[in-house]
Amino acid sequence: MDWSKAKTILIVAFILTNILLGVVLFSDDYKTETTTTQGFVEDVTRILEKKDIIIDTEVSTEIPSLNTLTIEYEMIDIQAINDNFFNGEGKTEAEGHDVVKVWNNNEYITINNRKVLLYENNNEVEKYKDLDIEKAKDIAIEFLTERKYDVSDMKVSYKKNDNDNYYIEFSKVYKERYLEKATTTIEIDKRGVKRFMRIWLNFIEEGETPRYISTAPKAILSLLSIEESYGRTIKDISLCYYFDPSEQEDIKDTKNARKGQTVPAWRVLFEDGFKIIIDNY
């Protein structure tokens, strides 16, 4: 027997068998994935309506996956904050181990755990007479730029006007997808920026292997168990990168977590700005 020829035949047969098996498995998965059909989406819509959850946006029917990102929290430099907000003239005081306050005249900054910044402006002088949502957004971006924040990795994810008080939320983006939970929120009235809060994530590297998640129609069914979603209207459902220190296996102290890895998740934004992140698998 010609063993060399026989071995070649066996190798070719093995390759063909694996290709055929892959095709069959893919075909079976495709046929059994019923959660992306239009009928399933319509069923989900009707079921959610029973809890007065209205879907006013397109529901994706893609088979969703994203590569894992390694990210880290933006750590706040106290001196840089004093320089950028108060030209170095602010007073600084530590309160306990995790909280630092910086203030100058009627402007106050509270920094928590070097990750969360809250700025409050208690001045009463009105700077702007005619405000609208677009002008408020421009004021917000100017405020950030003047204080040396990079605005190239953020976009407006929500905005509203409430009795001439404007609320602008910026979210971190990577490759046109939101990175949750990294937010910069700014409240504006005739005085200008009256409140500013920021917790931010910085990108380190992207993994090579995609990670899959439940389809959007299947994922949003979990809203049935979240009472906060009842009586609300969904305006956007988008696939996002999501980082939650409490869900990281290698992070024991979530309060002092500095970096970790994201997972894919569905970002559900409601008409009133309320947001729910769903990372069901």
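Colleague: Over which residues does pLDDT stay under 50?

Modeller: This is a predicted model, in which local features need pLDDT of at least 70, side-chain atom pairs count only at pLDDT 80 or more, and totals for chains, interfaces and linings use all residues. Residues are numbered from 1 along each chain as its sequence is written, and side-chain values use heavy atoms, with hydrogens and water left out. With pLDDT being the predictor's confidence in each residue, from 0 to 100, and contact meaning heavy atoms within 4.5 Å, the model has 0 contacts beyond four places in sequence for the stretch where pLDDT stays under 50, namely residues 5–31.

Colleague: What is the average pLDDT of the protein?

Modeller: Of the residues, 85% score at least 70. The protein's average pLDDT is 87.

Colleague: Is Glu42 buried, partly exposed or exposed?

Modeller: Glu42 lies in helix H2, residues 38–49, where helices (H or I, at least four residues) and strands (E, at least two) are DSSP runs, numbered from the N terminus. Buried means under 20% relative accessible area and exposed over 50%, with partly exposed in between (1.4 Å probe, protein chains only). Because its relative accessibility is 39%, Glu42 counts as partly exposed.

Colleague: Which residue in E11 is the bridge partner of Asn67?

Modeller: Two strands pair if DSSP finds at least two bridges between them, and strand E2 (residues 65–73) is joined to E11 by 8 bridges, the two running antiparallel. Both belong to an open sheet of 3 strands in the order E11-E2-E13. Within E11, the bridge partner of Asn67 is Pro210.
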